[in-house]
Amino acid sequence: MVNIGNDWDELLKEEFSKDYYQQLRRFLAYEYKTRTIYPNMYDIFNALKYTAYKDVKAVILGQDPYHGVNQAHGLCFSVQQGITPPPSLVNIFQELHEDLGCTIPNHGNLSAWAKQGVLMLNTVLTVRQGVANSHQGKGWEQLTDKIISLIDQKQEPVVFLLWGKNAKAKMSLLHNQNHLVLTSSHPSPYSVDYGFHGCRHFSKANTYLSEHGITEINWQL
């Protein structure tokens, strides 16, 4: 069974025993045995491992993992050390620079954000090499919807950063007035100029957290 190693284990225990998740496990066992799947199977749940439920202060939602060689490591938009940041991540860094003056880093590993309470969650947690969205509709969405709903139940304020159509579709799961929901277009080169560029989500998130007595996120990598 899944062992995340923090409070997510108890919160998701029932989910992991449900039929849909058992079917997903069987599907993944076959996929990892017969194809190249990203991320590494030991990194699938890194978003939850790096950011315990009790520590979540912000959520960034991605779609599914990067499907290029050795890019994905279980955190949305993040790539492993030594891998060139993809265009969407370059645009995120550019917005950070313009919003908060952050220096654009020479790597694309976002784990430092996760360790500060930013849940870096994809809605689908695995993908075949070279085939975007190849694991959609296999059960991951049911699990990640549950994760989003659990965070919505937190009484402590949380900032949700929803970039693009797929992320914004999850607004239907969010009902708690304590939370701040920020939306924009996706940071990909195709849509960055339709709302993401200039959205100032990073400073807005920190302002909201600060106003509620919560330590701001150091976005500088």
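Predicted model: local features only at pLDDT ≥ 70, side-chain atom pairs only at ≥ 80, totals over all residues.
Four of them make up an open sheet in the order 3-2-5-6, with parallel pairing. Strand 3 and strand 6 sit at the edges with a single partner strand each, so one side of each has no neighbour in the sheet. On average, neighbouring strands here are turned by 15° against each other, direction ignored. Helix 7 (residues 140–152) packs on this sheet and touches strand 2, strand 3 and strand 5. The direction of helix 7 makes about 155° with that of strand 3.

How many of the residues of strand 2 are buried? Five of its five are. In a regular strand, side chains alternate between the two faces of the sheet. In strand 2 both faces are covered: Ala58, Ile60 and Gly62 are buried on one side, and Val59 and Leu61 are buried on the other.

With a relative accessibility of 21%, Leu180 counts as partly exposed, because the cut-off for buried is under 20%. Val158 lies 22 residues away from Leu180 in sequence, yet their C-alpha atoms are 6.4 Å apart. Beyond residues up to four places away in sequence, Leu180 touches Val158, Val159 and Phe160, together with Lys204 and Tyr208.

## A buried aspartate

Asp64 is worth a click in your viewer. Asp64 is buried but has no salt bridge; the nearest side chain of opposite charge belongs to Arg128, 10 Å away.

What does the side chain of Asp64 reach? It reaches the backbone nitrogen of Asn133, at 2.6 Å. Leaving aside neighbours within four places in sequence, the contacts of Asp64 include Asn122, Val124 and Val127. Ala132, Asn133 and Ser134 are also in contact with Asp64.

## Salt bridges

The model has eight salt bridges. One of them joins Lys18 and Glu15, whose closest N and O atoms are 3.0 Å apart. Lys18 is partly exposed at 36% relative accessibility, whereas Glu15 is buried at 5%.

Arg128 and Glu31 also meet in a salt bridge, at 2.7 Å from N to O. This pair links distant parts of the chain: Arg128 is in strand 4 (residues 127–128) and Glu31 is in helix 3 (residues 19–34), 97 residues apart. Arg128 is partly exposed at 22%, while Glu31 is buried at 2%. Lys170 and Asp145 form another salt bridge, also at 2.7 Å. They too link distant parts of the chain, 25 residues apart: Lys170 is in the loop between helix 8 (165–168) and strand 6, and Asp145 is in helix 7. Here Lys170 is buried, with a relative accessible area of 13%, and Asp145 is partly exposed at 22%. Salt bridges with shared partners join Glu31, Arg35 and Arg128 into one network.

## Backbone details

Most residues other than glycine have a negative phi, and most peptide bonds are trans. Where is the cis peptide bond? It joins Tyr38 and Pro39, with omega about -5°. Pro39 lies in the loop between strand 1 (37–38) and helix 4 (46–50).

Phe77 has a positive phi, near 65°. This residue is in the loop between strand 2 and helix 5, and is buried with a relative accessible area of 9%. Arg200 also has a positive phi, near 55°. Arg200 is in the loop between strand 6 (180–184) and helix 9 (201–211), and is partly exposed, with a relative accessible area of 39%.

Technical notes. Residues numbered from 1 in each chain as written. Heavy atoms only, no water. Buried < 20%, exposed > 50% of the residue type's maximum accessible area, 1.4 Å probe, protein only. Lys, Arg positive; Asp, Glu negative; His and termini not counted. Salt bridge = Lys/Arg side-chain N within 4 Å of Asp/Glu carboxyl O. Polar contact = N/O pair within 3.5 Å; in protein donor to acceptor, adjacent residues only side chain to side chain. Contact = heavy atoms within 4.5 Å. Helix = DSSP H or I, 4+ residues; strand = E, 2+ residues; numbered from the N terminus. Pairing = 2+ DSSP bridges. Axes fitted to C-alpha atoms, helices over the stretch in contact; angles between N-to-C directions.
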